[in-house]
Amino acid sequence: MSVSGKKILIAVSGGIAAYKIHFLIRDFVKKGADVQVIMTPDAEQFVTKLSLSTLSKKPVYSDFYGENGTWNSHVELALWADVMVVAPCTANTLSKMVHGMCDNLVIATYMSAKCPVLIAPAMDLDMYVHPSTKKNLELAESFGHTIIPAESGELASGLIGQGRMAEPSTIYNVVEKYFQEELHSNNFEGKTFLITAGPTYEAIDPVRFIGNHSSGKMGFSLAEEAAKRGAKVILISGPSAQTIIDPNVDVYRVTSAKEMLAKVFEFYDKIDIGIASAAVADYAPKEVAKEKIKKNDENLTIELVKNPDILKTMGEKKKHQFLVGFALETQNEEENAKGKLAKKNLDMIVLNSLRDEGAGFKNDTNKIKIFTKTEKVEFDLKSKDDVARDILNFVESQLLK
Ligand code: C5P
């Protein structure tokens, strides 16, 4: 399946990247999509309605009030769409979206939308890294929206850094992927998953941390697959470049193990299935230096203290939850995995051995074995998306027992 026949609502806000949106509209229309463009009043300073409507083959709206006393209904526009793409999304429009500041047609339409919302931010680099933008992007993700991160390069201001809107081809691919994956079963309907993903970063000083190479891919694939099967998913991720497109996945970004633990227990009582795929740092610096540590001494000793074991704590507080853990082992693999199953009070553990080529952290593939108290099942080397399917098939079979 592609974008053919899909109704795509593109909301353009007032940034210089608006000129690139023509290419996206052209590509969608070429592939048979039905494209409706709306824009903020400021966007009209950058691109014309005439060029956008010529490409989309439809009138373009920027105001509630049409010609000859007609009304451009934001509700109709919103309910019409299969997907809404806000691109470019300026700092101003992003802020209005997440705070419900409904003073133009784009925001009113967004607030009436029931479809997935994709956001392609575009702004100058200092604005992009400003804490308020960061917070607003996090809020948007926690609403279930998909952020298509800005790219690095030369910006219109002449500065070089992150802030450039993702290329139209990148945005196109994200939308196409969503429609390709639209066919789902509903076997997890009514169930809530909590999935931890990615690494954690433990601060040493304001610029340094202890971390690991986890990409977060496994956890994001699991979240996507669970949502496709009808589940509501709370995805709590450490620093990871992965993004997700599914309105049933709420993403919460955290940095350290302690933050991850706190976020997990905001939701723990309400979830049905917990999957801990995060590669949580086992230790964190005892103290975080307030200033950047200078390289004056030949040796530097950093005292580390044990981090909380999030999954073990989940196991200790388990009531109705079905708990799945991961074990990444280099020796005595099976014995260690089974030990963790018991010690952390889990229902199931997924073992990957670093001795298997293509398994583990940074790869797009993984090779797993699954253990319960009574069973052991071995799988071939597969893509992480396929591994996510195997894991959730197994969870399904366990819950049906
Ligand atoms: O004990 P080990 O770190 O090998 O256990 C791995 C499993 O425990 C994984 O599922 C991982 O997500 C989880 N874990 C955790 N908190 C930690 C360490 C591991 O949730 N501090």
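Pro88 is located in strand β3, which spans residues 83-89. In this predicted model, the peptide bond leading from Ala87 to Pro88 is cis, with omega near -10 degrees. The protein is divided into domain 1 (7-184) and domain 2 (192-289 + 300-399), and a ligand is surrounded by residues that include Ala276, Pro308 and Ile310.

**Backbone geometry**

- Most residues other than glycine have a negative phi, and most peptide bonds are trans.
- The bond from Ala87 to Pro88, by contrast, is cis.
- Asn332 has a positive phi, near 40 degrees, although Asn332 is a residue other than glycine.
- The loop that holds Asn332 runs between β16 (322-329) and α12 (333-343).

**Domain arrangement and interface**

- Taken over C-alpha atoms, the centres of domain 1 and domain 2 are separated by 33 Å.
- Contact between the two domains involves 15 residues of domain 1 and 13 residues of domain 2.
- The size of an interface is often given as the accessible area lost when the parts come together.
- For domain 1 and domain 2, the area buried between them is about 1,300 Å², with 54% of it on carbon and sulfur atoms.
- Two salt bridges are counted between the domains, and a salt bridge joins the side chains of Glu141 and Arg253, at 2.7 Å from N to O.
- Four residue pairs are in polar contact between domain 1 and domain 2, with both residues at pLDDT 80 or more.
- On the side of domain 1 that touches domain 2, the elements giving two or more residues are α7 (131-142), β5 (146-147) and α8 (168-180).
- The residues on that side of domain 1 comprise seven nonpolar, four polar and four charged.

**Ligand surroundings**

- Which residues surround the ligand? They are Ala276, Ala278, Val280, Asp282, Pro308, Asp309, Ile310, Leu311, Gly325, Phe326, Lys340 and Lys344.
- An oxygen atom of the ligand lies 2.6 Å from a backbone N or O atom of Ala276.
- A polar backbone atom of Pro308 is 2.9 Å from a nitrogen atom of the ligand.
- For Ile310, a polar backbone atom is likewise 2.9 Å from a nitrogen atom of the ligand.

- Lys369 belongs to strand β19, residues 368-371.
- Its side chain makes a polar contact with the side chain of Glu334, at 2.9 Å.
- Leaving aside neighbours within four places in sequence, Lys369 is in contact with Glu334, Ile349, Val350, Leu351, Lys376, Val377 and Glu378.

Terms used:
Residues numbered from 1 in each chain as written. Predicted model: local features only at pLDDT ≥ 70, side-chain atom pairs only at ≥ 80, totals over all residues. Heavy atoms only, no water. Domains from an automatic or database assignment. Contact = heavy atoms within 4.5 Å. Buried area = accessible area lost by both parts, 1.4 Å probe. Salt bridge = Lys/Arg side-chain N within 4 Å of Asp/Glu carboxyl O. Polar contact = N/O pair within 3.5 Å; in protein donor to acceptor, adjacent residues only side chain to side chain. Helix = DSSP H or I, 4+ residues; strand = E, 2+ residues; numbered from the N terminus. Nonpolar A, V, L, I, M, F, W, Y, C, P; charged D, E, K, R; others polar. Near = heavy atom within 4 Å.
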